[in-house]
Number of protein chains: 2
Amino acid sequence: VFQVKWAAAQAEKNGFDHFMLKEIHEQPRALKDTLSGRLAADGSGVQLPEITLAPEKIKSIRKIFITACGTAYHAGLVGKQVIEKLARIPVEVDIASEFRYRQPLIDQDTLVLVISQSGETADTLAALREAKRLGAEVVAVTNVVDSSIAREADHVLYTWAGPEIAVASTKAYTTQLVAMYLIALHLGALRGTVSPAETRQIVTELKKLGDKAHVILNNCKAIKDFAADCSRCEDVFFIGRGLDHAVALEGSLKLKEISYVHAEAYAAGELKHGTLALIEEGVPVVALTTQQSLFEKTVSNIKEVKAREAKVVAVAMDGLKEVSKVADHVIFIPNTHPILAPVLTVIPLQLLAYHTAVARGCDVDRPRNLAKSVTVE
Amino acid sequence: VFQVKWAAAQAEKNGFDHFMLKEIHEQPRALKDTLSGRLAADGSGVQLPEITLAPEKIKSIRKIFITACGTAYHAGLVGKQVIEKLARIPVEVDIASEFRYRQPLIDQDTLVLVISQSGETADTLAALREAKRLGAEVVAVTNVVDSSIAREADHVLYTWAGPEIAVASTKAYTTQLVAMYLIALHLGALRGTVSPAETRQIVTELKKLGDKAHVILNNCKAIKDFAADCSRCEDVFFIGRGLDHAVALEGSLKLKEISYVHAEAYAAGELKHGTLALIEEGVPVVALTTQQSLFEKTVSNIKEVKAREAKVVAVAMDGLKEVSKVADHVIFIPNTHPILAPVLTVIPLQLLAYHTAVARGCDVDRPRNLAKSVTVE
């Protein structure tokens, strides 16, 4: 008799060593599922029947709050930039445990978005209740059908990431980003702030994201090499500007959570105002530079850390080849609409965290001190 | 002949070992000077003739942006909370190197505050110009008369901190905080959002801040002891909620800048969403808990890190004695109006950074890689 040695849990991992790695690799599918049925067949826009805000209501929105915790908060930081750009509504992103206690300035012209993978995050649920008490309509983005947050929100946009088992969130994050694009396009269309041509361009690129994610997953040797370097260090810095800054925060959180390396993310332009003092020979720096419009400025920040002999891996959009002249290694992500870059940029960072944690012998799926859903305050 | 052995520079240090320590000790005077002539003699409010915004203009403000870099940005984070509370105007704080490139949503009902000690910070100056180009009136808070930022702003509120020589900013920060209170009270009075009774209470307490700062400076043994612990560690965490979170960010920046310890600040409620993984036996945690309304929640976060055997020093407002039961050490600051706590809370953190850097043999006044004013981008 031939005995299969996989335990049941291993079988569920589909041949991957850890749930986290499996979930990272599920992203192409999760992205497609989350978009499924939500893009007009002719590519002209999005359709979100689950958000039943009246068009007049949408036109009257003067402020959006996004509130969430941890990784979902980082998705909100991308959401802010995307919604402000496409729908021209001021957005404020707030950590749920701060929002709920600080008497935010909210009225009936304020829309509140809450984001939570589990739909049970205690502080986010409390923030939702506070927002409703203050008279705001609440849209929830969550991955769990019929969760507390889904039940209590006025509108729910589900991410179709499928169950996420690893404590460190990966596919939940990228599908939350997709939700942000969908909401931004929806609001932008109804408010007339995004042109049909740009909408069409973004929708076309949204459809390709899954395949492009797949390309990155099949081409991650450089990041594995850099992970070997990171695994021998106790400090790693992530820098970026604009959308890249938001992704840098998420990349540093991943590394922290599962490898216990003290990673920290910085707006690249802030380095000179303090953190540069921590950069010395051999310190790994992950520099994100996907945006053409900010490229030159970020390259100049890479030069600053290189001048202090940091070891730099850059993540750049295909075509920004000049970065190879300043960084030690470059991971190129497939070209896409600049606004969509975060979905692809984060994937090498997830892999960096994963391989660093494995190299350090950490329990990847169940990091010390952390729980999957934080259902207590 | 008796020869005085002090060098000229030493003499300028007034007997202190470093400019930074001298400047920390100058805060009682700097606070008083910055308030001087700006509080109504009868304690009924503030008078800021340098801000000539018409009352109708002030009433029409629908949004305030605060933009700055480094320590001044941290002063802005306090400013946001203070202005929102007293003047009920939504405030967004943005790093100047981000603000200037992100096409912020600004119109003629937006007021922009820029903060810069030197008045020459390149990104802040560029942000000021961008704000003016977009049609906003700009109020500058700066320490240097006739600096570029002072010249180009529509209104200037000078901090009277006196020359700041040490790279790590101390008295400039606390006087920038005072500027935030003055502006918030000024706007609040003209908009009728702060009661005469509360105004009077805050003005009374503002007048006492200098003396209370002096009390803290004379009573810093516990922080010196904790600095000895920190000097042997490579990682230190700062936690707090609300205003304490803003101060935690500044405290961690000070430590980073001059002692090269990798310090990082967290909203206390976010710990469970990742950073708790980095807390292990003996890791120093500085927990700020000055606000009665958030006290219980922060104490529960202190318990979380204590459960992972962190070494905790708390900074608490006098009267919040319960914290002694959970923290290893407590620095009590004199009781004041809760909104003013940051001015006092930061002083032990400045001393912590100073003594840690001295214990590590660092060049306190001229940390590696950093310049006093960042006049390049």
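**Close-up 1. Asp365(A), a buried residue.** At 6% relative accessibility, Asp365(A) counts as buried (that means under 20% relative accessible area, with exposed being over 50% and partly exposed in between, using a 1.4 Å probe and protein chains only). This is a predicted model, where local features need pLDDT of at least 70, side-chain atom pairs count only at pLDDT 80 or more, and totals for chains, interfaces and linings use all residues. Residues are numbered from 1 along each chain as its sequence is written, chains are lettered from A and ligands numbered from 1 in the order in which they are written, and side-chain values use heavy atoms, leaving out hydrogens and water.

**Close-up 2. The surroundings of Asp365(A).** You'll find Asp365(A) in the segment after helix H14 (341-359) of chain A; helices (H or I, at least four residues) and strands (E, at least two) are DSSP runs, numbered from the N terminus. Setting aside neighbours within four places in sequence, Asp365(A) has contacts that include Lys13(A), His18(A) and Phe19(A) (contact means heavy atoms within 4.5 Å).

**Close-up 3. Strand E8(B) and its two faces.** Here's strand E8 (residues 284-289) of chain B, with six of its six residues buried. Pro284(B), Val286(B) and Leu288(B) point one way, while Val285(B), Ala287(B) and Thr289(B) point the other way.

**Close-up 4. The partners of E8(B).** Strand E6 (residues 235-240) of chain B pairs with E8(B) in the parallel sense over three bridges (pairing takes at least two bridges found by DSSP). Ile239(B) has Ala287(B) as its bridge partner in E8(B). Strand E9 (residues 311-317) of chain B also runs parallel to E8(B), joined by six bridges, and Val285(B) stands opposite Val312(B) there.
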